[in-house]
Every structure is written in C-alpha cells, then in structure tokens.
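Keep the 3D view open while you read.

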Amino acid sequence: MLTDLLHRLRSLFRREDVEAEMDEELRFHYDREIEKLTSAGVTREEAVRRAHLMVGGAEQLKEECRDARGVQIIENFLRDLRFSLRMLRKSPGLTIVAVLTLALGIGANTAIFSVIDSVLLSPLPYPDPDRLVTIKQNDSLRNINDIRRQTKTLAQGGGVTLERMDYTGGAEPLQVRAAYVNAGLLETLGVSPMLGRLISPDEDVKGGPHNMVIMHHFWREFLGADPKVIGRSLTLNGNRYTVIGVMPQSFALPEDETDIFVSLWVAYPEAAPFRGVHFMRTYWRLNSDVTLDQAQADLSGIANQLAKQYPETEGNHPRTLVPLHQFLVGDIRPALLILFGAVGLVFLIACANFTGLLTARAIARRQEFVLRASLGAGRSRLITQSVTESVVLSFLGGAFGLALAKWGTTLLVSLEPAALDRFRGIQMDARLFAFIFAISLLTGIVFGLIPAVGATSGNTADSLKEPGRGNTTGKFSRVFRNVLVASEFALALILLVGAGLMIKGFARLQSVNPGFNPSGVMTMHLQLPISRYNKIPQQTTFRRELLARLNRLPGVQAAMITDLPFGDNYLDHRFAIDGRPPVPIGEEPVVQTLSVMGDYFGVMQIPIVSGRGFTEMDRENQPLVAVVSEELVRRFFPGENPLGARIDFARAANEPHQWMTIVGVVRDVKHGTLNEPPQASMYAPFAQADEEWRRWMSLVVREPNLNRGSSDSSRLVAQVKQQVWAIDNQIPVSEIRSMDDWMSVSLARQRFNMLLLGLFAGLAMLLAAVGIYGTMAYRVSQRINEIGIHIALGAQRRDVLRLILGDGAKLALVGITVGLVGAAAITRVMASLLFEVEPTDPATFIITTLLLATVALAACYIPARRATRVDPIIALRYE
Amino acid sequence: MPPRIELPQGTLDLLILRCVANEPQHGWAISERLQQISKDVLRVQQGSLYPALHRLERRGWIVAKWGASENNRRAKFYSLTRKGEKQLEAERDAWEALTAAVAQVLRTA
C-alpha cells in the first residue's frame, strides 16, 4: 500500500522527471531494436520502419504507461484543465457568450433563491418558532386577559399596538415609535433583554411606574450605547419614562418596527379598559403537546363564551389561529414562488443556450476529435476533455453569477423594503456557496456531456472521410439544436406573457383614479399631547389657528384630515340612518369615518358630485353635517337623494342619537390601496366631533408650483414647522411625505413583481435571440456551398434571404406555438397577482407573440443577410 | 516463422518476474529474452511490456534502477524485490497447478 502510494505521489509531483525517464526508456528500446536489425543485415531505412511498427504509437504507449502508474485521473484532469483554458482563450467570443449566459441564469437564480431562503425557508428568529401563532383578528386587552385565563392550549400570550409618542427635550420635538404592550408579549416571543429586565406583571397596571424597554438601535442612536443606561429617563408624551431594559440587536417584532416598549396600561390608560377596542395584534405560544386544531377548538370555545357575555362588542368577532410564520409570509409567498418559477425558466433557457453553443463548437472541432481519436485517444478521454471545458465555463459562469446575484439582491432590497423586511441582503454563507457550486458543477457536467457524447459518437474512419457533415452525428446535433432553440422560444414566450400580464395589470392599477389629485401636495402628521389637548375645544382652537396661519402663507392652500388616502390606517364605525328600521346591535353597516377641517376637498381636488363641501359655518354649536362618498350613496341610498338624509354612528340602546345631515356627496377616494374596491366613507368636521381621543391629524398642504424633491418642498416643510411651533413648540411634526410618495409606496409591491418578472422576461427573450442567432449563423456556415450553388444558378438575394429567414421562422414558430399552449396553461397561477386582467388576456398573448416573433426574425436576419453576400466562387471551394 | 501465441491474461506478469529473477534486466533485454527462450513463439509488444513494468513497479514487486547497458548507454534496469520473489513463487505454483490440471483433463477426458 505504502509503496503504491509513494509511487503514485512521485509520478504526480515529479511528473517531469518521470516523463523524461519514460521517454528515455522507450528511446533506448527503439535504438536497440534498430541496432539489432541493422546488425542482422537489414538496411537502415527498413530497420527504422520495422522498429516504428514494433514500438507502435509512442503516445498511446506512454499513455498506457501513465495509466499503469495510476496517476492518470488527476494528471489528465490537470492537463485537460490547462488545455481547456487554452482553448477558451483561443475563442474568446464563445467563452464570453457562454459565461455571460450562465452568469445571468445562475445569478438570477441565486438572487431569488437567497430571498426565498431567508424569507420563506429560514425559521423565525425566536426560540421554538414552530409553536408561535397569532390570531388573525386583532383584540382588546380585556379579551387577551380573558383568553389567557381560560385557555388550556396556549402557554403564553401577549398583545401589541403601535403608537407614536412625543419625545421632547431634544433639539426639536420628535416622535418615537412606541409599542404599547402587556406584560407577557416579550416573554411569549421568548427573547430576553441584553441589559436589564422586561416589564413585570405588577408594573403593567393602571397607574404603574413609567418604565420602558428600549430597542437596540434606539439605545445606540438616542442614548449613545450607554452601558449604564438602566435608570436613565426620557420625556415622552410629557411623562418621564425610565429605561429598565435593552433588547438585543438581533431582536425585532414580527411585523412592526418600534423604538421602545411601554405598558399599555401605563401609557394609554384611556383605551386599556375597553373590551371593544380591538387594536392589539396578539402573539401566542402553543403548549408543547398541542396541535393547531386543538388550540383553535379551545380558542373558538372561549370566543363563543365571550360573544354570549358581551354581545355588543364580541358578538361578531371570530378568532382564527394562524402559525406566525405563515401569517408573516402569506402575502408575499405566491409572488416569490412565481418569481422563482420564472427565474427557473430563465435558467433553463440559459442552459439550453449553453449546450447549444457547446454543440456547435463540438461539431466545429469534430476533425480535431477525429484526429486525436486516430492517434490513440480513447473516446472516454475525449468526452472527459470536453466536459472539463464545459465545467470550466460553468464555474466561470457561477463566479460571475455570484457577483450578479450580490448586485441583484441589493437592487431587490432597494425596490421593496416593506415586504422583504426579513431579507437583509444576500448572505455570503456556506449554504449559498454550496448552492452555487452545485448548480455550476451540475450545469457544466450535464449540459457539457450531451454535445460531447454527440460529437464523439460514430465511426472514426467515416468522419475522416466526410468531416463535419452529412453523417448521422451531424444530423443528431442539428435536430438537437433545433429542439433546444424551439424550447427556448417556448419558455421565453411563457415568461413574456406572464410579464405582459403583470405590466398590463400594473398599468390598469396606475390608471385607477385615486379620487383626488396627488401632485403638488405635501403631507405631515401631528399628534396633540394629551396633557394640554384632552378636550375637543382646545384641539379645535389649535387646529383652526394652525390652518389660518398656513393659509396666510403665499401661494399655499392647507387643510387637515384624520387619516390620509393610501395611509391604509383609517377607522371604521358602524352607523345608522335616520328613519330606517333598526338593525340589531353588532350588525349595523360599516363606514370609513374621517374628520376634516379647512377646505379639504378643495386642497385635495376631490370633486364634489352634488350638494356642497364644508364651510367655516360648519362648526361647533351649529347643525351637525356630514359629506359622504359616492359609494356610500350607491350602497345605502340607491335611487334616492341622500342630501338632507340624516346619519349617525351606531349607538347603544340607551344612548341618544346625534344625527348628522348629509350636505354633500364627493367622489370615492382610495384610503387603502389602489386595487381595493371603493369604500363607503363619510367626512365630518373636526369641530363637530365628539371623540376627543382623535387627537391626531394629517396636514395636506398644496403649493401649486411645488417641484417634487426640490428644495421647494423642504422650504415649505420648514415654514409649516415654524407655524406649528409658533403655536406650540412641544408638538412633533412627523411623516413628512409628498402625496405622490404615499401613492408610490402603496404601489411598491405590484411594481416589485412587475419589474422583476419584466426583467426575467427580457432576459429570457435576449437569451432566446442569442440562441436562434447562433443556430442560424452556424446553419448558414454549414450551407455555404448550397447557397453558393443557388446564387450561381441565378437565385436573387431575396430568394436567399427568404430561404434562411424561413428556416429560422419555422423554428421560432414551433417554439412560439408550444409556448402559447404552455402560457395558457400556466399563467392562471398568477391570477392572484393580477389587477383587473384575465390570465388569458388575448391582447397580451397577441402582443407578446408578435414581439417575440419580431425578435426572432431580427436575430435571423443578420446571418441571413450574410448568406446573401456569399460569393459563389469562394463558396463552392469552401469545405 | 512459428505461429505466435497471444499471452493469456496475467501470464506476462509472471514471465517478466521470472526474467528479472536472476539478474537486473532492462526492458529491451526482457523482450529479447522472452523471444529467444520461447523460440520466437512468445513475442511481447512494447505496448504491453512497458505498461506491465510500470504496473509491477507500482505494486512493489520489482524496482527500477538506472545503469549502464551492454553498449554503455543509460538504461533502466528492473530487479526483483523480496515481495516480488514471493509473488513469483506464488504465481509459478498457481501456473503449474493450472497447466497440470488442464493437461490432465486434456489427456483423460
């Protein structure tokens, strides 16, 4: 064993010595043979000839000796590698096209794979993540506590609602994001603080101590990463809150981003006791031996009991348990899977192209193969050599693909931060390298093997006689390449149709009238501190004063509303219509309720369909008025005149109604997303509101000649802030955004899907074009004498052009036809991503088909034109 | 010319081991010797001889040393190792047993 190994190692590492020795040994033999023959009286020439015959192919002999030495595999590999690199350097065009093709395919795949890996596949960053669940419907603190008391299947549970708190005491008043929680939420998620402790149950009570747990980033940015931060305090909403704990850097809430955690009971005692205030997202942990179904049965039992006990608020409030991971990725999952499918198709096209390129090359090098085979190289050696070459190419492709993926994922993250929240860019970890390595190696071997086997099959002697064409191998390769090109077109068409549908859907979505004119409007969010503005009159005074000041600024129109369009953050109320039969409690219709002040409809340019908007006279101590949306009229006053009718929020049986008279109807406005159906909504003046807890407002400020993103808008913002702080310098101005930005944020997900699918379809089309171009160019070069004969016999350029284009068109048409069938079958999986477009939309199918056919013809035109320039004299000599 | 016989698989190794058993020999001498002794019946092609030599060397049955040939040129001389001696003995016994058995069958069957 040992000698064997030493022997092999010597052969490997002292290769040159060993080779030289082998040469010398064989030469000695050869010379002795000649000596022997000449001394026996044979002439010198004859002796040399005989010795040659005896020794046989020296190369083959050496090869067999190397084999016998047992280092063949590694040595061959190294030699093949060197040879491959030399060959690739000699044909840089092919190398570049092949490497780029694969880099695109592998890069796109890796980028999407890394997104899927981190978003869909990797577990949530909490201990025992499989046992974490959430209830689809939000809940109130009271109900959470009842569920916690009664459940037999849920180990822990807690709720959170996100609010903003005013931080004063810094350079200017700011808002921080605060998670109002109950003691138990952070324990349920199972993460311990990095410093200090969490809020304990005995502190989570009405009048409890003003304590807070802070997030790591807040600790770093606001508190200078002070290691002795525990015990320090900040003024929030006018109270001093003491830091009692700091969360670790890796921690984040499952859905929302926050800066700090405070007890709901301490920070918002006005809302905490109300059972009907369903505003907390709840997270629960299943007992270890409990299934989701058991827990759901348990929870439904509790929900039924709550419904019986508190029919007014819990009567119509089902509770559905969902595994947390599913809940978080549910929205983006179909889109990501479709993108992964798309990128898989792109990869297939890239591979088809790659193997097509190699096939053409293998045929071009057929004579070289034949020569080497006749010099004694075995078929398996020739195949190994070819595959080594394709593996070298595929690894180069993989390396560039990795770079592309890195760049691509940066792009992905910049496109849609919200839905890819859990995706923090590509992780250069072992998994990723393993993925790239495996995909490159497999591609190189599988797609290199097919042309190599094809090119080395068949009889050596036949091939020498008729190099490169006419034989069965040539035919096989031609059919094979045709199939490849046609499949590329089929796949590309499927992608194009998919992208076309997305683009059409997106265009539809963008052309949806939001109901107002967003351009030239800046928006800002204000929240009045409870300490000085807990009653409506104080709030109204502030609001009126602020609008008066803003409207005095030159060229500026300002108004305010509780919640902005596209903010997706409006309040619904149940409501009643005067004079209609009473509806049972809990089953009244729901309407979006918005409070406004100033000429809101004028500033936003929301058309008034009938009646009037609000005026200065619609104020406190005046008749209560409301303006409603067209959809409300359609649904509740069909065929009636709503003007003059009276509506009010649904009230408890013993509570008197305060009817508001409808004085106007306005166009529907999208308050959620553009693709939602129109909602019934009603507007009422802030000054006539009776909900003093609505202390927030969004300013809408129109300056008609405002250029977006320019210094104009920052000047305007500065002016607004100045006016706010002139009235009260403790009020933060936050969420400063133009209305256009709000709109584009709301379109982000659709834009993301459309851009990526469009990009992949574009890639697919490009690759298919390269594929058909390569095939046709090769075909033309193969048929040069045939074309030459045609021309010599008087064929016109037009005829030659038609001949070649017809050839290419046939290929493309077969592919496109198959693609149409495939697309019709496949695009229905996209239905959930499309807005008002059928997955089999005929216009999209027709346009994409025409586009692809045009690209195919253009790609064929270049080689076809070259064919028309063939000089018959040269062509006939060409072999 | 007497008819030539294709060597059965494995017998070339045995013959080579036997040729280098008495004294170190180079490749050409081994092939000449095989030819002479077998009266031209066994003619070994270099195509099989040299790979076989390299294979036997790898197995540690023979070792190669460079030395001066009969006409004073550098040549590679192969000689038997201890391991090779044992192998030669074992193979010779096996061969003799085989030929005896085959002969027995041919005679009596």
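## Two helices in chain B

Start with helix α1 (residues 11-19) of chain B and helix α2 (residues 27-37) of chain B, which pack at an angle of about 105 degrees with their axes 10 Å apart. That angle makes α1(B) roughly perpendicular to α2(B), a label that covers 65 to 115 degrees. Axes here are lines fitted to C-alpha atoms, for helices over the stretch in contact, and angles run from 0 to 180 degrees between N-to-C directions. Helices themselves are DSSP runs (H or I, at least four residues), as are strands (E, at least two), numbered from the N terminus.

Who meets whom? On the α1(B) side you'll find Leu15(B), Ile16(B) and Cys19(B), and they meet Ile30(B), Arg33(B) and Leu34(B) in α2(B). Contact means that two residues have C-beta atoms, placed from the backbone, within 7 Å. By class, this contact has five nonpolar, no polar and one charged residues. Nonpolar covers Ala, Val, Leu, Ile, Met, Phe, Trp, Tyr, Cys and Pro; charged covers Asp, Glu, Lys and Arg; the others, Gly among them, are polar.

## How to read the model

This is a predicted model, where local features need pLDDT of at least 70, side-chain atom pairs count only at pLDDT 80 or more, and totals for chains, interfaces and linings use all residues. Residues are numbered from 1 along each chain as its sequence is written, while chains are lettered from A and ligands numbered from 1 in the order in which they are written.

Over in chain A, Ser746(A) lies in helix α24 (residues 739-746). It counts as buried because it has 21 C-beta neighbours inside 10 Å; the cut-offs are 20 or more other C-beta atoms within 10 Å for buried, 12 or fewer for exposed, and partly exposed in between, with C-beta atoms placed from the backbone. Leaving aside neighbours within four places in sequence, Ser746(A) is in contact with Phe566(A), Thr673(A) and Leu674(A).

Phe566(A) sits in the loop between β12 (557-561) and β13 (571-577) of chain A. It's buried too, with 24 other C-beta atoms within 10 Å. Its phi is near 65 degrees, a positive value in a residue other than glycine.

## Ala225(A)

Ala225(A) isn't a glycine either, yet it has a positive phi of about 50 degrees. Look for it in the loop between α9 (216-222) and β6 (233-236) of chain A. Is Ala225(A) buried or exposed? Ala225(A) is exposed, with 11 other C-beta atoms within 10 Å.

Methods. Parallel < 35°, antiparallel > 145°, perpendicular 65-115°, else oblique.
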